[in-house]
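Student: I have a model open and want to learn to read its features. Where do we start?

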Amino acid sequence: MLNLRKEKFSRFSAGAVLVLSLCFMLCLLVSAFVSTTLMSTGGGEGEVVTFFDDNFFLNTIIALFMAAVLYLLLKVLENVSLKAILIVLIGWTLVFGCAFVCSAKLSPSQDSYICTFFALQASKGDYSYYHEYFRFFPFQLGFVLYEEAFFRIFGIFLPNAPEGFSAVALQLLNVVYTAAAFFALVKISGLLFGSVKVQKLTAVLLMLCVQPLFFCTYMYGNTPSFCLACYGIWMFLLFQKEDRVLYGVLCGIFIADAVLLKLNALIYVVAIGIVWVICIIKKPSLKSLACLALLAALTFAVKPLPQKYYEANIGESLGNGIPQWSWMAMGLHEGESCAGWYSPEYTTTAFLKNGFDSEKTSETAKTAISERIREFRDDPAMTAEFFHRKLVSQWNEPTYQSIWINQVRSSYSESGGLFDFFCTEHADTLADYMNSFQQLIFLGYTLALILLLKKRNILNALAPLVIFGAMLYHLIFEAKSQQSMGYFVLMIPFAAYGLSGIFTLAKHERN
């Protein structure tokens, strides 16, 4: 009787996650087929968010056509081994990604420039730059430490490399991270769905997913953190399947490092933690509990280390930085680009006015949040309009700023033909392709959520919980479409499962 109750609780939890995810995705799916959000520079270096009406019938025809092509391609690949397809996927990712990075030769800018310049100087023993910036944003120091370590290693092998070589080399490493993440996602699809057909379709869809490849030029924590998070999920699923401590330990290491590089990866920690607890309730295990405790301990032990390291080197305290309340206040107000996008009013400006005092800044932010909540309560129509714009500006922006991020930065030298072809001459066509591909993935992911409701397996609900958590988090805190990139890619194994299910159904109907 007790085991039956535990099983019911597990299935109920999975069902709740899938239903909530489905509600969000149905709204997003409809929006994706009738409208599009695009990011442009506005003729300068700004983030200009523009909403366009889209042709629902044309989008539907294109989605059906793409699905039909995938169906036929899967039939062709029936006798091709998964290993061969994986080799093609990794090869394509590495070759095209490296070729694009070398063609672009882009230098970092704004926050990325500050982090990279500080890391480069720190690798030479000079810690004298940009202390005020890191008083605002000490959470950036995890990525800075990663860059510093890379530059130190790079300097050993190429000590006299010309300016920009180390930065481009770091971008090439992003390509490797992307290829590694794709490999992990194919493995994850195998563990979740137990189907080689779904794994093959996942690999094909990842080959068609070009947004991460164009994003590799961006020197920030997004790409390496996402890769590590994917490996954390893979190790977690292996632990649940094989009950080996090694996989539980590796899960903790990968996820903790993901958080070190990108604080938003705490979303993965929370989601894995919730699912892990449910697994322990369903099947009690001291080994499993110990591995879960290790995940939490590693995450929160490693997180403050970069700041302590740099404070020791610069000889001063950087403090707690801009508090989370300020980011929430910003996320609930109109930003410079769109609803909830970046604005300095409640973050850097408020922090500066309060003399870098996190507690005083928190109180200022809480007051602003309370006033804003009253405005939302008094005007439901405005509230719905605000959060709709905020949602679609992040999740229905099919480029995820992967084109924009290449257009707003300068090159170390004249860019090559590959860069010019995609980011200058045919940028609009590329964005149109990304839009159609995004619609296909949203459709497949939504179908997967519906199909998985029948099984209600808590492990199948992990990735949807991550994505749903990210949607909720960014509805409240800062909005930025590039933040959604990793979660969009995480949908792909599920989109493959959803499309595969429809292909199977269509085959049975035809027979």
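Tutor: With a helix pair. This is a predicted model. Helix α7 (residues 165–193) packs against α8 at an angle of about 155°, and their axes are 9 Å apart.

Student: Why give an angle and a distance?

Tutor: Two packed helices are described by the angle between their axes and by the distance between those axes. Here the angle is about 155°. Angles over 145 degrees count as roughly antiparallel, so α7 and α8 are roughly antiparallel to each other. The crossing of α7 past α8 is right-handed.

Student: Which residues of α7 and α8 meet?

Tutor: From α7, Phe182, Leu185, Val186, Lys187, Ser189, Gly190 and Phe193. From α8, Val198, Gln199, Thr202, Ala203 and Leu206. By class, the residues of this contact are 7 nonpolar, 4 polar and 1 charged.

Student: Let me follow Lys187 in α7. What does Lys187 touch beyond its neighbours within four places in sequence?

Tutor: Gln199 and Trp234. The C-alpha atoms of Lys187 and Ala203 are separated by 9.8 Å, with the two residues 16 apart along the chain. Lys187 has a relative accessible area of 29%. Values between 20% and 50% fall in the middle class, so Lys187 is partly exposed.

Student: α8 also packs with α2. What are the angle and the axis distance there?

Tutor: Helix α2 (residues 56–76) and helix α8 (residues 196–208) pack at about 125°, with axes 11 Å apart. That angle makes α2 and α8 oblique to each other. α2 also passes α8 in a right-handed crossing.

Student: Which residues form the contact of α2 with α8?

Tutor: Leu70, Leu73 and Leu74 of α2 meet Lys197, Lys200, Leu201, Val204, Leu205 and Leu208 of α8. This contact divides into 7 nonpolar, no polar and 2 charged residues.

Student: How do I read a nonpolar core?

Tutor: In soluble globular proteins, nonpolar side chains tend to be buried together. In this model the largest nonpolar core has 156 residues. Leu205, Tyr268, Trp276 and Met491 have the most contacts inside it. Helix α10 (residues 222–242) gives the largest share of this core, 13 residues.

Student: What surrounds Trp276?

Tutor: Leave out residues up to four places away in sequence. Trp276 then touches Phe236, Phe239, Gln240, Gly248, Cys251, Ser288, Cys291, Leu292 and Leu295. A second, separate core has 15 residues, among them Ile403, Ala427, Ala431 and Met434.

Student: Now backbone angles. What is phi for Tyr400?

Tutor: Near 50°, a positive value in a residue other than glycine. Tyr400 lies in the loop between α18 (380–395) and α19 (404–407). Its relative accessibility is 0%, so Tyr400 counts as buried.

Student: Where does Arg456 sit, and what is its phi?

Tutor: Arg456 is in the loop between α21 (427–455) and α22 (462–476). Its phi is positive, about 50°, although it is not a glycine. Arg456 has a relative accessible area of 32%, so it is partly exposed.

Note on methods:
Residues numbered from 1 in each chain as written. Predicted model: local features only at pLDDT ≥ 70, side-chain atom pairs only at ≥ 80, totals over all residues. Heavy atoms only, no water. Axes fitted to C-alpha atoms, helices over the stretch in contact; angles between N-to-C directions. Helix = DSSP H or I, 4+ residues; strand = E, 2+ residues; numbered from the N terminus. Parallel < 35°, antiparallel > 145°, perpendicular 65-115°, else oblique. Left-handed = near helix turned anticlockwise from the far one by under 90°. Contact = heavy atoms within 4.5 Å. Nonpolar A, V, L, I, M, F, W, Y, C, P; charged D, E, K, R; others polar. Core = buried A, V, L, I, M, F, W, Y, C linked by side-chain atoms within 4.5 Å. Buried < 20%, exposed > 50% of the residue type's maximum accessible area, 1.4 Å probe, protein only.
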